[in-house]
Amino acid sequence: SIGNNAFSSCKNLKEIILPSSIMSIGNSAFVGCTNLKEINISSVTSIGDRVFCSCKNLQEITIPSNVTSIGNSAFSSCENLREINILSSVTSIGNNAFSSCKNLKEIILPSSVTSIGNSAFRNCENLQEINIPSSVTSIGDEAFYQCKNLKEIILPSSVTSIGNRAFYWCENLREINIPSSVTSIGNSTFCGCLNLRKIALPPSITSIRDHAFSYCRNLQEIKLPPSVTNIGDRVFSNCWNLREINIPSSVTSIGVGVFEWCSNLQEITLPSGVTGIGDDTFYHCENLREINVAESNKAYRTIDGVLYTKDLKTIIRYPVGKEDEKFVIPCSVTSIGDYAFWCCSNLREITLPSSITNIGNKAFSFCRNLRKIILPSSVTSIGYKAFLGCENLQQINIPRRTLEKFKKLLPDEAHLLHEI
């Protein structure tokens, strides 16, 4: 055996010949041997953690048939490693095992492998192809994180778990199949897959977690199966080319900012089961013209594409892309929600009924063409920066004898207040 740290940081070591008696290599045995180019480990049965970590000139290695596991960070940062031959006895690939092997282009995993550890191939930026055998059941967190040249990957039906950020920022990944054995899509699993255009989720999926598909800027179509019950925060944020999405009736909860910056989304329908919608759900959906709600929904309703609570007491969201220049808020409304009219630059005039008592944070912010608004005396609270960026707003009309009250409610816009 070779003990832990035995040749650690021997930077001038270029070649080493191991006798056939060597069966075990300890942790960090050759870590930092930056000029080591060649080593034969054919007799070895055990490879410890960080054994060849940062052996920057190591170009090729064969994992012998007696080895069953590759230790954590065993070949991490072997920047010139181009070829790895893994024989059929290996069952697990440790965390960070090949992370930052920047010149590794292809790897074939034997059918004995059952698990791929966390960050196993993280930052392998030239990895273009990898086969995942039908023996694999789990893919760890960040397993293929920032594998920028990975274009296609086929997941076998044996896979039941895909970790968080598993394919994070694989910007050239164009196609992936998700087998019906998978039940949830983890946090940021496909975040930043810029060239992913289409994906079909199997009927086994029940949960899509936070940021799962955010920044998939070329994603045009996604089909959500009727098994999905929860859509996490910002799942589709910054999917610039997403034009259409069906939300199945099984969904009960839509998280914060789910569709923010989906600038080509034009229409959306909320199904009957949705009882919770997070803040900023439709933030900066500049072409969204209509929000629809199933008639049987018990929490929300729409009138002319504008989203309200079911009792019509709160206006939640006016679609940014709606082309009308004037809007009259129904007389049943008592509260204007946070960001309710955010960035609605087509609106020039908004009429508030005498029932309004509360105006939320940034409710009218960046309504750049809003010129006229009348605040009724019933208003008792106005949120933070309610009129921020309303650059063409010339005056805010208020009832007589309410000037002092509204100066306190709108200290930043006090100069625009005008009693009528």
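Arg368 and Glu391 are joined through their side chains by a salt bridge with an N to O distance of 3.1 Å; a salt bridge is a side-chain nitrogen of Lys or Arg within 4 Å of a carboxyl oxygen of Asp or Glu. This pair connects distant parts of the chain, with Arg368 in the loop between β32 (358–359) and β33 (372–374) and Glu391, 23 residues apart from it, in the loop between β34 and β35 (395–398). The model is a predicted one, in which local features need pLDDT of at least 70 and side-chain atom pairs count only at pLDDT 80 or more, while totals for chains, interfaces and linings use all residues. Residues are numbered from 1 along each chain as its sequence is written, and side-chain values use heavy atoms, with hydrogens and water left out.

Arg368 is partly exposed at a relative accessible area of 33%, whereas Glu391 counts as exposed at 56%. Here buried means under 20% relative accessible area, exposed means over 50%, and partly exposed lies in between (1.4 Å probe, protein chains only). Helices (H or I, at least four residues) and strands (E, at least two) are DSSP runs, numbered from the N terminus.

The whole structure contains 10 salt bridges. One of them joins the side chains of Arg165 and Glu142 at 2.6 Å, N to O. Arg165 is in the loop between β14 (161–162) and β15 (175–177), and Glu142 is in the loop between β12 (138–139) and β13 (152–154), so placed that the pair links distant parts of the chain, 23 residues apart. Arg165 is partly exposed, with a relative accessible area of 27%, but Glu142 is buried, at 13%. A further salt bridge connects Asp412 with Lys385 at 3.8 Å, N to O. Asp412 belongs to the loop between α1 (403–409) and β36 (417–419), and Lys385 to the loop between β34 and β35, 27 residues apart. Lys385 is partly exposed, with a relative accessible area of 30%. Shared partners join Arg122, Glu142 and Arg165 into one salt-bridge network.

The loop between β14 and β15 also holds Cys170. Cys170 is buried, its relative accessible area being 0%. Its C-alpha atom is separated by 24 Å from that of Gln59, 111 residues apart along the chain.

An open sheet of mixed pairing is formed by 6 strands in the order β26-β27-β28-β30-β32-β34. β26 (300–303) and β34 (381–382) stand at the edges, each with a single partner strand, so one side of each has no neighbour in the sheet. Two strands pair if DSSP finds at least two bridges between them. Within this sheet, β28 (residues 314–317) and β30 (residues 335–336) pair in the parallel sense over 2 bridges, and Ile315 has Ile336 of β30 as its bridge partner.

Parallel pairing also links β23 and β25 (residues 290–293), over 4 bridges. Thr269 has Asn292 of β25 as its bridge partner. In β23 (residues 267–270), Ile268 and Leu270 make up the covered face, and Glu267 and Thr269 the uncovered one. In a regular strand the side chains alternate between the two faces of the sheet.

A negative surface patch consists of Glu15, Glu38, Glu60, Glu83, Glu106, Glu129, Glu152 and Glu175. Patches are made of residues with over 30% relative accessible area and no salt bridge, like charges being joined within 9 Å and nonpolar side chains (Val, Leu, Ile, Met, Phe, Trp, Tyr) within 5 Å. Glu60 lies in strand β5 (residues 60–63) and is partly exposed, with a relative accessible area of 43%.

Technical notes:
Accessible areas come from the Shrake-Rupley method with a 1.4 Å probe; for residues, only the protein chains shown count as cover. Lys and Arg count as positive and Asp and Glu as negative; His and the chain ends are not counted. The place of a charge is taken as NZ of Lys, CZ of Arg, CG of Asp or CD of Glu.
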